Amino acid sequence: MARPIEAVKDINESKDLWKIVVRCKHLWTVTSASKKEHIEMILVDSELDTIQVIVPPFLVSKFKEQLAVGCSYVMQNFKMSNNNFSFKSTNHSFKLVFCGSTSVKKAELPDIPMNYLNILHLDAIVEGKIQYNILVDILGGVTEISQTQINADNKKSKVVFSITDNSRSEVQCTLWGLRRLNEGFL
């Protein structure tokens, strides 16, 4: 008998055999100082709940070609981990970590929005109405780039800029670790 689909909000440490139906909202790779690469993602389900997922270095080659932003999947079998990073990608108490038995199957799932963003207005940041250690979606325009710095050793950069939105609030932001600043990426 097939396992039932479970909601992202219900994920907890009680088991590793979760089966979820999700869309990949964000995906990025992280390269450590020892040159090992892992994948991190934010997944969203039909109830618009999100959770962070990590694909460890030893599984990157197995899953890298299967995973893409905007695609929807049936995923199952994960290791559970507390979401205790200093800076979190979601406010979920747990994160999922792929393991050797993790299964990822692409599926057409129209119930999950294609481009779900939970946009935060900049005035909420200015007024201190946010949790400062959680990744948020914002929409605005860059008004000034006040600093760019490139590390000669690893070609990674730091960019400090100001952004504003329709609320007329302005927030200073810093992007760290960009590698292609000179190729048009801010």
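Tutor: Let us begin with a definition: a disulfide is a pair of cysteine sulfur atoms within 2.5 Å. By this rule the count here is zero disulfides. Please keep in mind that this is a predicted model.

Student: Why is Cys 71 called buried?

Tutor: The term buried applies under 20% relative accessible area. Cys 71 has 18% relative accessibility, so it counts as buried. Cys 173, at 16%, also counts as buried.

Student: What makes Leu 48 partly exposed?

Tutor: Partly exposed describes values between the limit for buried, under 20%, and the limit for exposed, over 50%. The relative accessibility of Leu 48 is 34%, and therefore this residue counts as partly exposed. Leu 48 is found in the loop that joins β2 (37-44) to β3 (50-55). Its phi is positive, about 65°, although Leu 48 is not a glycine.

Student: Which other residue has a positive phi although it is not a glycine?

Tutor: Asn 77 has a positive phi of about 70°. Asn 77 lies in strand β4, which covers residues 72-82.

Student: Why is Asn 77 called buried?

Tutor: Its relative accessibility is 14%, and buried means under 20%. Asn 77 therefore counts as buried.

Student: How do you know that Ser 169 is buried?

Tutor: The value for Ser 169 is 13% relative accessibility, so this residue counts as buried. Ser 169 is placed in the loop between β7 (157-164) and β8 (170-178). Leaving aside residues up to four places away in sequence, Ser 169 touches Leu 122, Asp 123, Val 126, Ile 163 and Thr 164.

Student: What makes these residues count as touching Ser 169?

Tutor: A contact means heavy atoms within 4.5 Å. Leu 122 is one of the residues in contact with Ser 169.

Student: Why is Val 160 called buried?

Tutor: Val 160 has a relative accessibility of 7%, and it therefore counts as buried. Val 160 lies in strand β7. Beyond residues up to four places away in sequence, Val 160 touches several others, among them Glu 144, Ile 145, Gln 172 and Cys 173. The C-alpha atoms of Val 160 and Ile 112, in contrast, are separated by 34 Å, and these residues are 48 apart along the chain.

Student: Where do these strands belong in the whole protein, and how many helices and strands are there?

Tutor: The protein has two helices and eight strands. Along the sequence they follow the pattern β-β-β-α-β-β-α-β-β-β. Of the 186 residues, 40% count as buried.

Student: How confident is the predictor in this model, from its average pLDDT?

Tutor: The average pLDDT is 85, and 94% of the residues score at least 70. Over residues 181-186, pLDDT stays under 50. For that stretch the model has eleven contacts beyond four places in sequence.

Methods. Residues are numbered from 1 along each chain as its sequence is written. This is a predicted model: local features need pLDDT of at least 70, side-chain atom pairs count only at pLDDT 80 or more; totals for chains, interfaces and linings use all residues. Side-chain values use heavy atoms; hydrogens and water are left out. Helices (H or I, at least four residues) and strands (E, at least two) are DSSP runs, numbered from the N terminus. Buried means under 20% relative accessible area, exposed over 50%, partly exposed in between (1.4 Å probe, protein chains only). pLDDT is the predictor's confidence in each residue, from 0 to 100.
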